[in-house]
Amino acid sequence: VNALRAPARATNGEWGSYFDGAKKASASGPAVKADAAVGGVRYNYGKVRAIAMSQGAKKSIVDAAIEEATLQDVDPKLVLAIIQRESEYDPRAVGTSGEIGLMQLMPGTARDMGVYDSNNLFDERTNIRAGIKYLRWMANFLGLDIDFSNIRRVAEHKKRALLAANNAGVGNVLKWRKKFGENFQILFATT
């Protein structure tokens, strides 16, 4: 899925570094600040943090993404991948269609996710929290049955559908699935 691929400036050129970077923390070693529990398993996101920061992410954004994702039992690597692709870690980013903030949420979508003042979408944590809620809502609406706690185990066609819905809207994904089946090709280059 293209949204899970890093741009050329990434450390190793692949989003795979995000997905491979989180290793289970040592039970005998001291907990590090990058530790977080997702799906009941404790992980050390030190490598993930280092990759994101090498791409220009501020520590506060990476920390917020890891913390908000783990609170909602979502793999932080997915959240950071979307943030990097959508806004290049810029909390003040505004898209050409009016998308706002790190996860590029439309004000109407944000209202549906509980953010009633669009100015609040410039707040890192608020935007990430609403963006994660929206990912879960889209997956549920599309009937994708995604285990967000380990995105590596999610079938590729489900990731494609989720990321396409994030960019093109759930209505378009429903049309594409009806016309082309579950394994439709992504029609948007940014997905």
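Contact here means heavy atoms within 4.5 Å of each other. The model is predicted.

**Helices H3 and H4**
- Helix H3 spans residues 59-71 and helix H4 spans residues 76-87; the two pack at an angle of about 135°, and their axes lie 8 Å apart.
- H3 is therefore oblique to H4, and the crossing of the two helices is right-handed.
- On the H3 side, the contact involves Val62, Ala65, Ile66, Ala69 and Thr70, which meet Pro76, Val79, Leu80 and Ile83 of H4.
- Of the residues in this contact of H3 with H4, eight are nonpolar, one is polar and none is charged.

**Helices H7 and H8**
- Helix H7 (residues 156-168) packs with helix H8 (residues 170-180) at an angle of about 135°, with 7 Å between their axes.
- H7 and H8 are therefore oblique to each other.
- From H7, Ala161, Ala164, Ala165 and Ala168 meet Val170, Asn172, Val173 and Trp176 in H8.
- The residues of the contact of H7 with H8 comprise seven nonpolar, one polar and no charged.

- Helix H2 covers residues 46-54, and Val48, Arg49, Ile51 and Ala52 are buried in it.
- Viewed down the axis of H2, these buried residues fall within an arc of 165°, so they line one face of the helix.

Technical notes
Residues are numbered from 1 along each chain as its sequence is written. This is a predicted model: local features need pLDDT of at least 70, side-chain atom pairs count only at pLDDT 80 or more; totals for chains, interfaces and linings use all residues. Side-chain values use heavy atoms; hydrogens and water are left out. Axes are lines fitted to C-alpha atoms, for helices over the stretch in contact, and angles run from 0 to 180 degrees between N-to-C directions. Helices (H or I, at least four residues) and strands (E, at least two) are DSSP runs, numbered from the N terminus. Angles under 35 degrees count as roughly parallel, over 145 as roughly antiparallel, 65 to 115 as roughly perpendicular and the rest as oblique. Ala, Val, Leu, Ile, Met, Phe, Trp, Tyr, Cys and Pro count as nonpolar, Asp, Glu, Lys and Arg as charged, and the others, Gly among them, as polar. A crossing is left-handed if the near helix is turned anticlockwise from the far one by less than a right angle, and right-handed if clockwise. Buried means under 20% relative accessible area, exposed over 50%, partly exposed in between (1.4 Å probe, protein chains only). The arc is that of the directions from the helix axis to the C-beta atoms.
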